Amino acid sequence: MTTLSALTLVRNRQAHLDRLVEGLSLSATPPDELVVIDMSDAPVTLPPGDFPVRIERLAGDALPLAAARNLAAALASGDNLLFLDVDCIVSSSVCGRMEALLAEHDAVVCPEVLYLPAGAVRQGPLSEIDLKAAGRPHPVRPFPQEGERSEGNPGLFWSLAFALRRATFHRLGGFDETYVGYGAEDTDLGFRIAREGLPLLFAGGAPVFHQHHEGYDPPLQHFRALIANANRFHAAWSIWPMDGWLRAMADLGLVDWSSKGLTIHRDPTPTEIAAARKDPENPF
């Protein structure tokens, strides 16, 4: 009998983590364990769940997303891994659906994600009916209404929510830890998934709900990490990731962008960062 490990990372988002645990606890088939990599300024606490929880602290001022996800996978004991960003709430059928698909396919499976506007997650017990009514599909990442389909664009692999066999994750080599901070580490894994010939399956009908939080477009608060990681990705794959963000940064005069690469011209000002803050009514 196979087992499922749910994995998440948290940095100063206790409320989001509480809801993630609540969603997993309400699953028709909860995970066999939850592994939490805690990068918060002060240690997080965990509400009670119906499964064992392991919390590992990862200190430091950087945001080592690739290294943190690899650490979570190394600590996991399950045959299958379900990676969830801390702002995710699974619907009741997600865990069982991922296990069923991984029993049938050696693949990387992305469950459908529905994005919630501000205020959609209210006080009190979670209501899956209310979350489904409020959630909106992402406009550039379509999923089937039911069943699953093969996705041929590796750039549409996002690490927000995905599942695969633990052995497959190790065969891929995990996330490339030379990507430090925010940006492109998941796109790099998507390209290695494609290079390995692994199917990338988009599964509809069992949604994950993305909890709203403050966001920026482009994410100028991660400016230097984005530029370093974009250059690293281009050196590896001869393709630019995050090209919409990079174009916006070039238009602001922050970078010089040529066929030779990205060169930082100046850092964004506090005013420019504030101007990039997303409208809270926009869930994407």
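**A strand and its core**

Reply: Let's start with Leu84, which touches Leu7, Thr8, Leu9, Leu20, Leu24, Val90, Leu160 and Ala161, leaving out residues up to four places away in sequence; touching, or contact, means heavy atoms within 4.5 Å. A quick word on what you're looking at: this is a predicted model, where local features need pLDDT of at least 70 and side-chain atom pairs count only at pLDDT 80 or more, while totals for chains, interfaces and linings use all residues. Residues are numbered from 1 along each chain as its sequence is written, and side-chain values use heavy atoms, with hydrogens and water left out.

Leu84 is also one of the 33 residues in the largest nonpolar core, and together with Leu24, Leu34, Leu82 and Met98 it touches the most other members. Such a core is a set of buried Ala, Val, Leu, Ile, Met, Phe, Trp, Tyr and Cys residues joined through side-chain atoms within 4.5 Å. Buried here means under 20% relative accessible area, with exposed over 50% and partly exposed in between (1.4 Å probe, protein chains only). Helix H3 (residues 94–104) gives this core its largest share, five residues. There's also a second, separate core of 30 residues, with Leu164, Leu172, Leu200 and Phe202 among them.

Now for strand E1 (residues 4–10). Helices (H or I, at least four residues) and strands (E, at least two) are DSSP runs, numbered from the N terminus. Seven of the seven residues of E1 are buried, so the strand is largely enclosed by the rest of the structure. Leu4, Ala6, Thr8 and Val10 point one way, Ser5, Leu7 and Leu9 the other way, and all are buried.

Two strands pair if DSSP finds at least two bridges between them. With strand E4 (residues 80–84), E1 pairs in the parallel sense over four bridges, and Leu7 stands opposite Phe83 there. Strand E2 (residues 33–38) also runs parallel to E1, joined by six bridges; in E2, Leu34 is the bridge partner of Ala6. To get from E1 to E2, the chain passes through helix H1 (residues 14–25), in a right-handed β-α-β crossover. Right-handed means that, with the strands pointing away from the viewer, the path from the first strand over the helix to the second runs clockwise.
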